[in-house]
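Take a look at it first, and then we'll go through a few spots.

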Amino acid sequence: MSVIAYKCPNCGGEMAFDSASGMLLCQSCGRKDEIESYSGSNSHSVFSGDEAHEYHCTSCGAVLITEPETVATSCSFCGSNVVLGDRLAGELSPDIVIPFAISKEEAQKAFKKWCKNGLLTPPGFMTADRIQSITGMYVPFWLYDLHSSIQVQAHGTKVRTYRSGDYMYTETQHYDVYRDIVLDYVKVPVDASEKMNDELMDKLEPFPYDRLKEFKAPYLSGYVAEKYNYDDSVLYPRAKHKIGDYIESYIKSTMQAYHVLTYQNKNIRTSAMKADYALLPVWVVHYDYNKQRYTFAMNGQTGKVVGKPPLSKGKIFGWFAGIFLAGFAAMKAIQLAMGGGIW
């Protein structure tokens, strides 16, 4: 087992990934290095035998106890950033990564702004002063390239109404409709972490795939990262399900000329052309309000925040009351304009 820490070539200080510059930054002297060409020294510790169940911090020697899925963390004693190299080896090595673009300070400001915009949340929640923790986490995803071959047989009708002389006629034309469609979807994301809420992860989309980079371990320095719990074959049904609505929508778009459409046969065959193992950036926010803990997630590239905040019963009542009064006032105005009496 190996622990990797990135050391500054100038002063020997700890280096971590800097979201603002996209480079490795020394927290002591401020030196920056391109990750693609980083040639600085790495501090390694390798253990085997009876020490295989534990890791040791390369800075202070403390024992690091982690969950089996963790691949990057920080030492609880000295705060040093560490990457658990053996958990990134072989088939566990990610193919690609989207680095963080939003710093912790920026994430905190963006989350507070999001809280203040909650129209139906309690005032105490909107102050955003009960943040317990904000953790930058690389969440494991599978990005699927899917190929769909679709054959559709349907019965369609077109209806036309027209006048001839003194008579109105309705003409109904019947058609046998066939469609042979090929659709390719690329980089369909499915989170592969057992801990992360699937609904939250789905709502964080889209991630900017134009910023994907070949995976390099230094991207993880300074953040928490986990390896996947489920391989691509297990999660393939979820990926297939995610594109289902898009396929149906596309099929309908090719048949808009018909007023009535009845499907007689629909054959959709979807296969996975490939699946890339990716790490995507997520800020996880834990918030304490009214003795309850709420979890929110923020896209580490776009700043999009998702989660279910508490709702204020008073604000909800006021919102519905406002709608009722506005409707009542509108009806009164119409009645008066038409010469109606007072209710």
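Let's start with Leu220, which touches Val71, Ala72, Val83, Leu88, Tyr138, Phe215, Ala225 and Leu279, leaving aside residues up to four places away in sequence; contact here means heavy atoms within 4.5 Å. This is a predicted model, where local features need pLDDT of at least 70, side-chain atom pairs count only at pLDDT 80 or more, and totals for chains, interfaces and linings use all residues. Residues are numbered from 1 along each chain as its sequence is written, and side-chain values use heavy atoms, with hydrogens and water left out.

Leu220 is also among the residues with the most contacts inside the largest nonpolar core. A nonpolar core is a set of buried Ala, Val, Leu, Ile, Met, Phe, Trp, Tyr and Cys residues joined through side-chain atoms within 4.5 Å, and buried means under 20% relative accessible area (1.4 Å probe, protein chains only).

| Core | Residues in it | Some members |
|---|---|---|
| Largest | 59 residues | Val83, Phe111, Trp283 |
| Another, apart from it | 18 residues | Met137, Leu143, Val306 |

Val83 belongs to strand S9 (residues 81–84), which is covered on both faces: Asn81 and Val83 are buried on one side, Val82 and Leu84 on the other. Strands are DSSP runs of E, at least two residues, numbered from the N terminus. S9 runs antiparallel to strand S8 (residues 70–74), and three bridges join them; strands pair if DSSP finds at least two bridges between them. One of the partners is Asn81 in S9, bridged to Ser74.

Elsewhere, Ser19 sits in the loop between strand S2 (15–18) and strand S3 (23–26). Is Ser19 buried or exposed? Ser19 is buried, with a relative accessible area of 10%.

Note on methods: Helix = DSSP H or I, 4+ residues; strand = E, 2+ residues; numbered from the N terminus. Buried < 20%, exposed > 50% of the residue type's maximum accessible area, 1.4 Å probe, protein only.
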